[in-house]
Amino acid sequence: MNRSENLLTSLAEECTEVGQRVSKALRFGLAEVQPGQPLTNAERISQELTDLIAVMRMATNEGLIPKPDLSGAAIAAKQAKVEKFMAYARECGALE
C-alpha cells in the first residue's frame, strides 16, 4: 500500500466512524454516555467529524481529491436539498 492508498483508506474509515457514531446516537440518544467513555454521543460525533476533516485536508493537500466547495452558496444549496427531501418524507408519512 502506498501513501495515497493509505490516506484514502483512512478517509473511508473516518466516514464509517462518523456513521457508526450517528447510529449509536439514533439508538441511544445524543446525550447518552457509553459506559467507560467520558463524552456524550453528540460530543463523539463532533470528534469524529473533526477526524474526518483532518484526513480530508490531508487528502486534498496531497492532491488526491479536489478541495470541497465550502462556500456559502454550496452549503445553502445542500441544505435546501435536504429540506426538500425532508418535506417529501413528511408527505410520504415517513417523517413526523
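1. A residue counts as buried when its relative accessible area is under 20%, as exposed when that area is over 50%, and as partly exposed in between (1.4 Å probe, protein chains only). By this rule, 17% of the 96 residues of the protein are buried.

2. The model is predicted: local features need pLDDT of at least 70, side-chain atom pairs count only at pLDDT 80 or more, and totals for chains, interfaces and linings use all residues. Residues are numbered from 1 along each chain as its sequence is written, and side-chain values use heavy atoms, with hydrogens and water left out.

3. The protein contains three helices and zero strands, where helices (H or I, at least four residues) and strands (E, at least two) are DSSP runs numbered from the N terminus. The pattern along the sequence is α-α-α.

4. Helix 1 (residues 3-28) packs against helix 2 (residues 41-61) at an angle of about 165°, and their axes are 9 Å apart. Axes are lines fitted to C-alpha atoms, for helices over the stretch in contact, and angles run from 0 to 180 degrees between N-to-C directions. Helix 1 is therefore roughly antiparallel to helix 2 (angles over 145 degrees count as such).

5. The structure holds one salt bridge, defined as a side-chain nitrogen of Lys or Arg within 4 Å of a carboxyl oxygen of Asp or Glu. E62 forms a salt bridge with R3, and their closest N and O atoms are 2.8 Å apart. Because E62 lies in the loop between helix 2 and helix 3 (72-91) and R3 in helix 1, the pair ties together parts 59 residues apart in sequence. E62 counts as partly exposed, at 37% relative accessibility.

Technical notes
Parallel < 35°, antiparallel > 145°, perpendicular 65-115°, else oblique.
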